[in-house]
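The sequence and the model are shown first.

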Amino acid sequence: MPAQPHDNAPVDLTLASRPDLRHDWSLEEIEALFALPFNDLMFRAQQVHRAHFDPNAVQVSTLLSIKTGACPEDCKYCPQSGHYNTGLGKEKLLEIEKVVNQAKAAKEAGASRFCMGAAWRSPREKDLEVVMEMVSQVKALGLETCMTLGMVDVDQAKRLSEAGLDYYNHNLDTSPGYYGEIITTRTYADRLETLSNVREAGMKVCSGGILGMGEAPRDRAALLQQLVRLEPHPESVPINMLVKVPGTPMENAEDLDPLEFIRAIAVARILMPKSHVRLSAGREQMDESTQAMAFLAGANSIFYGDTLLTTGNPQVERDRALFDKLGLHPEQRETCADDEKTEAALEAAMRERQDDAMFYDATGA
Ligand code: SF4
């Protein structure tokens with residue numbers, strides 16, 4: 001039976017009247033989605049989700065910090081910024097061999113994508129050479145590759161792509177209007193330009209934002225509007241809940257109502273129907289019910305594993321138990337010849353690996 005609009009619903013709940021892959025959502029339309037009765041919003045998000053994905057599959061990524069701390073940027077939420085004293089040490093770029101060994105371990109644990117993050121404003125030439133080699137060696141293991149290295153120009157993006165980089169993460173963080181309250185050392189336009197350069201180089205885009213930084217509801221809608229304007233939509237959309245790290249200017253930020261966070265996930269799902277919406281940083285602070293609602297709202301990607309860096313993830317066993325309770329399973333890669341083996345390995349790993357420090361969750365540069 002087709003969906004019936006709620007009597008007071010300001011937005012058409014029937015999906016038939018509009019194409020679902022759009023880039024021209026107005027702020028008012030997005031705010032109207034946020035304002036839907038909660039049940040109607042969740043229902044519509046589920047409709048969209050089920051039209052494009054296995055509703056019980058969740059893509060699982062692993063992430064390794066290849067260079068931690070002392071970042072010259074001043075992102076007010078980030079413990080890696082050199083502007084704040086969070087007790088995080090400055091580390092050098094990891095050696096290629098160590099990264100490749102970690103990637104091998106991740107593959108053995110069942111991961112299909114390996115994400116590498118460096119706390120840089122942008123990569124220097126000598127660093128770029130090294131990370132390109134990392135990419136090609138990790139790729140040679142048969143893993144998908146993803147990096148977050150700060151801003152990149154077209155030439156750098158093309159070289160990374162040629163080295164075998166599949167995804168590049170660069171978050172928009174918040175709305176254009178609120179951005180200046182959070183970061184002053186680079187502009188919103190800088191971020192959009194990096195995303196454009198990544199696309200021009202032929203790579204897939206991972207881009208999202210952080211909620212709970214004191215932004216207004218309209219800022220959350222405006223952030224999603226910026227993401228939905230990207231053509232094509234980012235393949236991966238991490239929606240982070242702020243992790244209030246002592247020592248950062250955001251340590252005493254007011255808590256965001258978890259239901260507002262769930263609404264944002266649901267709206268992201270409706271706006272970007274074919275994207276993976278990632279329940280990202282802040283998951284450790286969420287109870288099972290909130291996480292379950294996030295999956296119901298259309299989140300279908302997580303980082304799994306333990307804390308390596310600065311923001312924790314729930315213990316692997318807790319993830320496993322939650323997957324079991326909810327009847328979820330790790331998403332299989334369409335292009336992977338040994339998907340069943342990979343899924344089985346991943347499920348086994350989630351059972352067995354409870355204390356592996358190589359995995360962490362980051363908000364992304
Ligand atoms: S979010 Fe990224 S760019 Fe900003 S301070 Fe942290 S590591 Fe640097």
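The sections below describe the chain as a whole, then several helices, and then some individual residues.

## Basis and overview

This is a predicted model, in which local features need pLDDT of at least 70 and side-chain atom pairs count only at pLDDT 80 or more, while totals for chains, interfaces and linings use all residues. Residues are numbered from 1 along each chain as its sequence is written.

The protein chain contains eleven helices and ten strands. Helices (H or I, at least four residues) and strands (E, at least two) are DSSP runs, numbered from the N terminus. Of the 365 residues in the protein chain, 48% are buried. A residue is buried if 20 or more other C-beta atoms lie within 10 Å of its own, exposed if 12 or fewer, and partly exposed in between, with C-beta atoms placed from the backbone. Two residues are in contact if their C-beta atoms, placed in that way, lie within 7 Å. Among contacts between residues at least 6 apart in sequence, 80% join residues at least 24 apart.

## Helix 1 and its two partners

Helix 1 (residues 27-34) and helix 8 (residues 258-271) have axes that come within 9 Å and cross at roughly 130°. Axes are lines fitted to C-alpha atoms, for helices over the stretch in contact, and angles run from 0 to 180 degrees between N-to-C directions. Helix 1 and helix 8 are therefore oblique to each other; angles under 35 degrees count as roughly parallel, over 145 as roughly antiparallel, 65 to 115 as roughly perpendicular and the rest as oblique. Their crossing is right-handed. A crossing is right-handed if the near helix is turned clockwise from the far one by less than a right angle, and left-handed if anticlockwise. On the side of helix 1, Ile-30, Leu-33 and Phe-34 take part, and they meet Arg-263, Val-267, Ile-270 and Leu-271 in helix 8. The residues of this contact are six nonpolar, no polar and one charged. Ala, Val, Leu, Ile, Met, Phe, Trp, Tyr, Cys and Pro count as nonpolar, Asp, Glu, Lys and Arg as charged, and the others, Gly among them, as polar.

Helix 1 also packs against helix 7 (residues 217-229), at an angle of about 120° and with the axes 9 Å apart. Helix 1 and helix 7 are therefore oblique to each other, and their crossing is right-handed. Leu-27, Ile-30, Glu-31 and Phe-34 of helix 1 make this contact with Pro-217, Arg-218, Ala-221, Ala-222, Leu-224 and Gln-225 of helix 7. By class, the contact has seven nonpolar, one polar and two charged residues.

## Helix 5 and its surroundings

In helix 5 (residues 154-163), the buried residues are Gln-156, Ala-157, Leu-160 and Ala-163. Seen down the axis of helix 5, these residues fall within an arc of 125°, so they line one face of the helix. The arc is that of the directions from the helix axis to the C-beta atoms. An α-helix has 3.6 residues a turn, so residues three or four places apart point the same way.

The buried residues of helix 5 are covered by elements including helix 4 (125-140), strand 3 (144-148), strand 4 (167-169) and helix 6 (188-200). Gly-164 follows helix 5 and has a positive phi, near 115°.

Ala-45 belongs to helix 2 (residues 38-52) and is buried, with 26 other C-beta atoms within 10 Å. Not counting residues up to four places away in sequence, Ala-45 touches Ala-266, Arg-269, Ile-270, Ala-297 and Gly-298.

Met-286 counts as partly exposed, with 18 C-beta neighbours inside 10 Å. Leaving aside neighbours within four places in sequence, Met-286 is in contact with Pro-258 and Gln-291. Gln-291 is one of the buried residues of helix 9, together with Met-293, Ala-294 and Phe-295.

## Backbone features in loops

Most residues other than glycine have a negative phi, and most peptide bonds are trans. Ala-70 has a positive phi, near 55°, and Asp-173 has a positive phi near 75°. Ala-70 lies in the loop between strand 1 (57-67) and helix 3 (96-108), and is partly exposed, with 15 other C-beta atoms within 10 Å. Asp-173 lies in the loop between strand 4 and helix 6 and counts as buried, with 25 C-beta neighbours inside 10 Å.

A cis peptide bond, with omega about -5°, joins Glu-231 and Pro-232. Pro-232 is found in the loop between helix 7 and strand 7 (236-241).
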